[in-house]
Amino acid sequence: MEGSSLRRYLVVRVLLTLPMLLILLTLVFLLLRVAPGDPITASVGARLPPEEVQERRAALGFDDPLYVQYGRYLAGAVTGDFGNPVTDRRDVVEIVLDTAPATFELSVVGFLVAVIVGISVGAVAGRLRDTPFDVTGRLFGIVIYATPIFWIGLLAQLYFSVNLGWFPSSGRVGGFDAPQDITGFYVLDSIITGDWTALGSTLHHLVLPGVTLGLVIGGIFVRLVRVNMLQTLRADYVEAARARGVRERNVVFRHAFRNALVPIVTVMGLQLALLLGGAILTETVFSWPGLGTAIVEFIGSRDYPAVQGIVTFIAVVIAVISLLIDVVNGLVDPRVRY
Amino acid sequence: MSRLRRRLEHAWRPFRRSSRTSRVLIFVGLGIATFFVLVAFVGPTVYRYSGVQYRVEVAPEEFESLPQLAPPDDEHPFGTTRDNFDVLARVIGGAQLALSVMILAVAFGMVIGVSLGLASGYRGGRLDRVLVTGMDAVYAFPPLLLAIIVSFLLAAYIEPGVLSAAGAVGLVYIPQYFRVVRNHTLSVKEEPFVEAARSLGAKERTILGRYVFFNVVQSVPVILTLNAADAILTLAALGFLGYGVQPPTPEWGYDISQAQSDVASGVWWTAFWPGVAIVLLVTGLTLLGEGLNDVINPLLRARGAAGREIGEPPGDEDQSDRDADAQRDAEPIDSGAENR
């Protein structure tokens, strides 16, 4: 009985992803097609003779009716063909494969920092409610939310790399230290090839952008963990544990903290969109060659197909991740069912 | 006269009953916001430089440039930039721009979101289904990315300026108002007083405009202040990436992006001051929003504090005074402690 209802939940959830994906893709298509003119004219129109512009337009299908273009776009997205940029020889899939690992590596470090800061400060603030520590922690949460991530990044650069010279201020790795490219993840690549210079340089470069990104997201986690901690500390089973004479440390860490984590994990997964926005800005400040930098560059050169392709890729990732969060939730929490 | 007085007293009631903490939050938040309004609209008339001024007229037809990258001193309290602008003057100009964009963006998101939400919730049917799905898609999209794309697209139609920036920033907020207002409308339209109005033969416009609207609109102020805080941050991010307003219009985010090259040579004041302005204004607006939330939705704090924190738009609840009283009685220990 239990097994079949879980299976039903998973099947329904997977099926529900399809319409969501369709709507997201339609949104991307509409957004980028309501723009006047066409990408060819916009990006290289001024540099080429009109006949050639016309030829290229026709070759890329911009003269076809809108529904034909829409059909072709959806078919492409399903078969993994996200289109070809006008200003770059690589196709969108190659660009994503080249840049996404950098963004992913940065996001993982940022997320780790956020989890460590958020959980430790939030849990202690919740435990020591209304003490100066709690007030400071909450103020930290509000002020860090109010602080633009690119500004923290700049100040960190100014202090830690210009004034103190402790960390490099830009790039993923030192001049000639890049590891042999296998997965695109420099940390993994340098471990696989045993290139310790590369590993050291990569980690060294990750510190400032990772901590910057992590602090800002950590501010949200602090509030979240604190509130959940407060609620669980009031719960009956915590009271019961205290009454049984369980030591206070165990009450806090075994009974309250672990249960406070359940909703937190879900919400952390939902911060993906925020993480992405933060990554775009962090990458720009630290000249980090990731997906965010790529989007900003393509928008700058008015390359619609590239922007559309990358944004489509992001939409797919969003749909898949929200599916994963719900699946994990369904596995962990038996109350989550359709 | 007495009717007006009764109405005002009714509106003031939640404030009178609120905890001291939430009143302090509102007071501090309002103070900071007022300070920035003064800076933005009185500042330019008082301060000797303007945000786009790079030289002064020392004698008729004779100009002298402002110093380049001068550190803060008596003449230029916040220093000067690489382009010979006075940093304090640009921070003042940026405040004016930020407040204008913020007001327009929030108004834009609110007007469209609230009216679509009312229509969707009241009419139901196919319109409702289409709107709900569309709004969910917009909501699921990374907001900053959406704002970037929209401002990029708007640039083809209108000059980058206050209007285009407000459009790009405000579009993101439509789904938030839509969701709250639609759900609230769904429940309000089943209430007996709506039924009564309808059976008395009230016109649809009257029902929507008078009975439904005024019951639904209470949830809006909280979303509004929190969006206002967010709008400042989004505008700054757009400006930083180069999709804000037309340079050399003073804009905090753009100014910070221009300061990037100064940082490498150890110049701090060009990047520092615009950022301080952002942090201060956004903190003020956030405090105001939190305080209002405590006053208007006292229920939410106790019943779903975690729910609100995880980003659900507040206000999906029925907040009659009776419920507030019940909550106060039920949770005497907690009133106000949550927000000290």
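## Overall make-up

Read along its sequence, chain A follows the pattern α-α-α-α-α-α-α-α-α-α-α-α-α-α, and its secondary structure comes to 14 helices and 0 strands, where helices (H or I, at least four residues) and strands (E, at least two) are DSSP runs numbered from the N terminus. This is a predicted model, in which local features need a pLDDT of at least 70 and side-chain atom pairs count only at pLDDT 80 or more, while totals for chains, interfaces and linings use all residues. Residues are numbered from 1 along each chain as its sequence is written, and chains are lettered from A and ligands numbered from 1 in the order in which they are written.

Chain B has 16 helices and 2 strands. Buried residues make up 39% of the 338 residues in chain A and 46% of the 340 residues in chain B; a residue is buried if 20 or more other C-beta atoms, placed from the backbone, lie within 10 Å of its own, exposed if 12 or fewer do, and partly exposed in between. Among contacts between residues at least 6 apart in the sequence of chain A, 73% join residues at least 24 apart, where two residues are in contact if their C-beta atoms, placed from the backbone, lie within 7 Å. In chain B, residues 24 or more positions apart account for 70% of the contacts with a separation of 6 or more.

## Confidence

The model scores ipTM 0.79 and pTM 0.80. Chain B averages a pLDDT of 77, with 84% of the residues scoring at least 70; pLDDT is the predictor's confidence in each residue, from 0 to 100.

Within chain B, confidence is highest in helix α4 (residues 87-123), at a mean of 89, and lowest in helix α16 (residues 321-330), at 37. Over residues 300-340 of chain B pLDDT stays under 50, and for this stretch the model has 64 contacts beyond four places in sequence.

## Where the two chains meet

In the model, 38 residues of chain B are in contact with 38 residues of chain A. On the side of chain B that touches chain A, the elements that give two or more residues are α5 (125-140), α6 (143-154), α11 (220-241), α13 (260-264), α14 (269-296) and α15 (298-309) of chain B. By class, this side of chain B has 30 nonpolar, 6 polar and 2 charged residues, with Ala, Val, Leu, Ile, Met, Phe, Trp, Tyr, Cys and Pro counted as nonpolar, Asp, Glu, Lys and Arg as charged, and the others, Gly among them, as polar.

## A helix pair in chain A

Helix α7 (residues 149-163) and helix α9 (residues 196-233) of chain A pack at an angle of about 140°, with their axes 10 Å apart; axes are lines fitted to C-alpha atoms, for helices over the stretch in contact, and angles run from 0 to 180 degrees between N-to-C directions. α7(A) and α9(A) are therefore oblique to each other, since angles under 35 degrees count as roughly parallel, over 145 as roughly antiparallel, 65 to 115 as roughly perpendicular and the rest as oblique.

On the α7(A) side the contact is made by A:I149, A:I152, A:G153, A:A156, A:Q157, A:F160 and A:S161, and on the α9(A) side by A:L208, A:T212, A:L213, A:L215 and A:V216. The contact of α7(A) with α9(A) has 8 nonpolar, 4 polar and no charged residues.

## Helices of chain B

Helix α8 (residues 174-188) and helix α10 (residues 204-216) of chain B pack at an angle of about 125°, with their axes 9 Å apart, which makes α8(B) oblique to α10(B). The crossing of α8(B) and α10(B) is right-handed. Here B:V181, B:H184, B:T185 and B:V188 in α8(B) meet B:V212, B:N215 and B:V216 in α10(B), and the residues of this contact divide into 4 nonpolar, 3 polar and no charged.

Helix α7 (residues 162-171) of chain B has 8 of its 10 residues buried, so it is largely enclosed by the rest of the structure. The buried residues of α7(B), among them B:S164, B:G167 and B:L171, pack against α4, α6, α8 and α11 of chain B. Helix α9 (residues 192-199) of chain B, by contrast, is hardly covered, and the count of buried residues among its 8 residues is 0. α9(B) is followed by B:G201, whose phi is positive, near 90°.

Most residues other than glycine have a negative phi. Phi of A:S287, however, is near 45°, a positive value in a residue other than glycine. A:S287 is found in the loop between α12 (272-285) and α13 (291-300) of chain A, and A:S287 is partly exposed, with 13 other C-beta atoms within 10 Å.

Technical notes. Left-handed = near helix turned anticlockwise from the far one by under 90°.
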